Amino acid sequence: MTKKMIILMLSAVLFFSAFRPDAMARDLIASVGIIPPHAEKGEDGQPQGGFVEVVKAIDRVYTDGHISIRLFPIARAISNVVNKHSDFFIPYIPNPKVRVETLPFAFTSEAIVKVSFVLYSRADRPALPMNKLGDYKVETLRGAAPHFSFPIGEIDSFRQGIQKVVAGRTDGFIAEQDATDKIIRENKIKNIRRTLYATWDSSIVIPKGPEGREIDRIVSDALLELKRTGELRKITDKIHRPFSDWQPYEMNW
């Protein structure tokens, strides 16, 4: 076989490899924070909930590979991305007061949905002054403390946050309204005041650097397509609604 024939054969192999459907395929791992009922294990042991459905929808749009889903506590899920044990984490609420440059991770260019965060406090006590929350014992979910500019405690669940407020063990609990309101309604808890704290973007955490930029392209392109078709809205409407101005202490329970 001549040198010219060898070169032609190698060129043909490279040409056809470049156009194979799986030549640029890349499987991704998504760490999803455990946030019942939005992300949890179902009775069959498989991940379920609204944020799991968001990742599945992204996977359907992303045709160059498969996205596997793993559930973790929020702090562990973030650590997975930073330590490169997973490719992205969902969901995360960036604090607009914190510069991304100071964080060990980055965010996708495209956010998922707007989220209303509510301050829950006891209705039989004076309303907490929003500009002096650092003077009170206020808690939020574990892993979310960096979102706040004042000292805040961290706990493991929405249910625990509300129970501690009702019992008078804390002065307030700040969390996204939908999961917390669900607990209040299901248990017909009356002695609670709701105050809108902030409306933030629910985003996706990615690594910093070139690898993160590639993941951003994949995930953000998928989110844009899901928004264009309206599929993302159908999912997120089941997770987060615009702020609902209602008060448990006014309910006839």
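Trainee: Where does Lys-84 lie?

Mentor: In this predicted model, Lys-84 lies in the loop between helix H3 (74-82) and S5.

Trainee: Why is Lys-84 called exposed?

Mentor: The relative accessible area of Lys-84 is 58%. Exposed means over 50%. Therefore Lys-84 counts as exposed.

Trainee: What is the phi of Lys-84?

Mentor: Near 65°. That is a positive value in a residue other than glycine. Most residues other than glycine have a negative phi.

Trainee: Which value makes Lys-188 exposed?

Mentor: Its relative accessibility is 55%. The cut-off for exposed is over 50%, so Lys-188 counts as exposed.

Trainee: Where is Lys-188?

Mentor: In the loop between helix H5 (177-187) and strand S11 (193-206). Lys-188 is not a glycine, yet its phi is positive, about 50°.

Trainee: Now the peptide bonds. What omega does the bond from Pro-36 to Pro-37 have?

Mentor: Omega is near 0°, and this peptide bond is cis. Most peptide bonds are trans.

Trainee: Where is the place of Pro-37?

Mentor: Pro-37 sits in the loop between strand S1 (28-33) and strand S2 (40-41).

Trainee: What about the bond from Ile-90 to Pro-91: cis or trans?

Mentor: The bond from Ile-90 to Pro-91 is cis, with omega near 0°.

Trainee: In which element is Pro-91 found?

Mentor: Pro-91 is in strand S5, which covers residues 88-92. Lys-84, with its positive phi, is in the loop between H3 and that strand.

Notes. Residues are numbered from 1 along each chain as its sequence is written. This is a predicted model: local features need pLDDT of at least 70, side-chain atom pairs count only at pLDDT 80 or more; totals for chains, interfaces and linings use all residues. Side-chain values use heavy atoms; hydrogens and water are left out. Helices (H or I, at least four residues) and strands (E, at least two) are DSSP runs, numbered from the N terminus. Buried means under 20% relative accessible area, exposed over 50%, partly exposed in between (1.4 Å probe, protein chains only).
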